[in-house]
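Please read them alongside the sequence and the coordinates.

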Amino acid sequence: MDYQEIPADAVGLPKHHQATHSEKLIITASSLGTVFEWYDFYLYGLLTSIIAAKFLTGLNPTTSFIMALLVFAAGFIVRPFGALVFGKIGDTFGRRYTFIITLVVMGLSTFLVGCLPTYETVGVAAPIMLVVLRMFQGLALGGEYGGAATYVAEHAPNNKRGLYTSWIQITATAGLAMALLIVITVRSPVTGLGEDAFKAWGWRVPYLLSGLFLVVGLWLRLKLHESPVFQKMKSEGTASKAPLTEAFGEWKNLKVVLIAFFGAIAGQAVIWYTGQLYAMYFLEKMLKVDGIQANTLTIIALAMATPFFLFFGWLSDKVGRKPIILGGAALAAVTLFPVFHALTDAANPALAKAQATAPVKVTAFPGECSSQFDPVGGNKFDTTSCDIVKNALAKAAVNYENVAAPAGAIASVTIGGETILAPDPSTVSGDDRKKAIAAFTAKVAGAPEVKAKPAEGDKPAVEAKPAVVGELEKVGYPAKADPAQMNKPLVVALLFYLVLLVTMVYGPIAAMLVELFPSRIRYTSMSLPYHIGNGWLGGLLPAIGFAMVAANGDIYHGFWYPVVVAAATVVIGLFFLPETFRRNIDQ
């Protein structure tokens, strides 16, 4: 592809077009509408545990959480298809028209999630309807980002394109922060409904609010006119008649798509979802930090780091997009493991101490150990001694090391200096097996006090049972993170660093993607690789990461995924990714 470059000494360049209305309205309407769409999309991520309880009843806790993450990921999986559909519409009929449609589809889908009946009411129809609405959200988001980024870039001065498009890059984090703030407000017993009411029905309120945001976003976007670059193409008759074929069927364009994907987008995607969503899940699920506190600490870090999207967008106009994006990816590849180890020390020091002084080891024959992941919910993990051990530890979210035993050996767990042999499922069955597993689980992880209850109708009487202190608790493994022991400033600093990495790789990338492709196929060409990367590599990261942890036992094992992808992006990007920041995009 041939591009005209902006002279290196150009300062204060005139605009490359005549704007039809104010730049402030362009940026506000484009970015605010996209904020609302990200708010809609990420609400589910923040409410994963509650959604699992409401819509995925009947699965074991580990599988239920991972399945809830996969339902979350369903929206990401269809994003590339949204990019194809709306990318073609955007390159054929216009940018403005397309991202008005995407806003309406997203807003309505999110509002309807707040109206859905739960599994308890309609059974399996509930998760099916939830998945369908998540897929509509994904389709809409697949068309939204490319349209907003392209629209703003095509209105921006050539020498401020990174700064202007960085407002679009803020929207994902701003939408996440907005969702966090509203969830915290509604969930809080001081400002909202309280935890019990929120879990019962209040989780619907943030979804229903999206109806209001849809009205505001639509009102703003209807004030916009078409991009001048697209108007020029239409008037000259140079718009693409077949943008999909031209973008992906011609090697000269497809080659650039592949370079953009492997040399920039892949690393950006895994860093974004590790630094923001996975970090929050890690705090709550693995480090046992209270949900509201995890959300609060995250939103503080997001607020501190968000201005750096604009900073790195502005800086990329001065020094280039490539060194900032690849620099952020390199830092992530090198520092993710030590940062999350430090996060454990800061957020739950009792857990970190227990892991160091009383490590947990599972000794079992590898051939009888399953992954602890059961998508259909039929496996109770009670047919092998290894599964019984690992299921107990997975429920307790405990880090453990695997030690191979010979075939036929009964699995055991060593906690500190105490070794506990698992029940042998081949010698017990039925209720005896259930009692043996319950006794083993209580010995390992403890059991809460059970208060006596008289028989009611068809429900049998419940015998009183005292609380059991498990071996994990005896050696210092806490059931929950103690807020009094938590080093909150350090937790926020570490979360801030992770989001700072996100701003480095994400802030300049919209400008780079716009500059890589000619205007006639720009919407289509940039949208598909972006949404494959962020929808599949990034969106599936939480589910894949936790599945890796469930299979391996090491709570840090899931970080190999983003580290390897980020490192590969650095290598490929260094050799193949071109610098684009001086390109003229009017062509």
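Is Ala242 buried, exposed or partly exposed? Ala242 counts as partly exposed, because its relative accessibility is 37%. Here buried means under 20% relative accessible area, exposed means over 50%, and partly exposed is in between (1.4 Å probe, protein chains only).

1. Basis. This is a predicted model, in which local features need pLDDT of at least 70 and side-chain atom pairs count only at pLDDT 80 or more, while totals for chains, interfaces and linings use all residues. Residues are numbered from 1 along each chain as its sequence is written, and side-chain values use heavy atoms, with hydrogens and water left out.

2. Overall make-up. The protein has 25 helices and four strands. These are DSSP runs numbered from the N terminus, helices being H or I of at least four residues and strands E of at least two. Of the 587 residues, 57% count as buried. Contact means heavy atoms within 4.5 Å. Among contacts between residues at least 6 apart in sequence, 83% join residues at least 24 apart.

3. Nonpolar core. The largest nonpolar core has 166 residues, and Tyr42, Phe282, Leu393 and Tyr506 touch the most other members. Its largest share, 20 residues, comes from helix α13 (residues 251-286). Such a core is a set of buried Ala, Val, Leu, Ile, Met, Phe, Trp, Tyr and Cys residues joined through side-chain atoms within 4.5 Å. Not counting residues up to four places away in sequence, Tyr42 touches Phe72, Phe76, Ala172, Leu176, Trp272, Tyr273 and Leu277.

4. Helix α5 (residues 95-113) has 19 residues and reaches 28 Å from first C-alpha to last, close to the 27 Å expected at 1.5 Å a residue. The expected span is 1.5 Å times one less than the number of residues. Buried residues of α5 include Arg95, Phe99, Leu103, Met106 and Val113. Helix α4 (residues 79-93) packs with α5 at an angle of about 145 degrees, the axes being 7 Å apart. Axes are lines fitted to C-alpha atoms, for helices over the stretch in contact, and angles run from 0 to 180 degrees between N-to-C directions. Phe86, Ile89, Gly90, Asp91 and Phe93 of α4 meet Arg95, Tyr97, Thr98, Ile101 and Thr102 of α5. By class, this contact has five nonpolar, three polar and two charged residues. In that scheme Ala, Val, Leu, Ile, Met, Phe, Trp, Tyr, Cys and Pro are nonpolar, Asp, Glu, Lys and Arg are charged, and the others, Gly among them, are polar.

5. Helices α24 and α25. The axes of α24 (residues 541-552) and α25 (residues 560-576) come within 9 Å and cross at roughly 125 degrees. That makes α24 oblique to α25; angles under 35 degrees count as roughly parallel, over 145 as roughly antiparallel, 65 to 115 as roughly perpendicular and the rest as oblique. Leu541, Ile544 and Met548 of α24 make the contact with Trp560, Tyr561 and Pro562 of α25. The residues of this contact divide into six nonpolar, no polar and no charged.

6. Arg221. This residue is found in helix α10 (residues 204-221). Arg221 counts as buried because its relative accessibility is 0%. Beyond four places in sequence, Arg221 touches residues including Glu37, Arg96, Phe99, Leu103 and Glu144.

7. The 15 residues of α14 (residues 291-305) should span 21 Å at 1.5 Å a residue, and the end C-alpha atoms are 21 Å apart, which agrees. Buried residues of α14 include Gln293, Asn295, Leu297 and Leu302. Their cover includes α8 (161-187), α13, α15 (307-319) and α21 (488-506). Ile300, also placed in α14, is partly exposed, with a relative accessible area of 37%. Lys288 is found in the loop between α13 and α14. Lys288 has a positive phi of about 60 degrees although it is not a glycine, and it is buried, with a relative accessible area of 11%.

8. Ser412. This residue has its place in strand β3 (residues 412-415). At 9% relative accessibility, Ser412 counts as buried.
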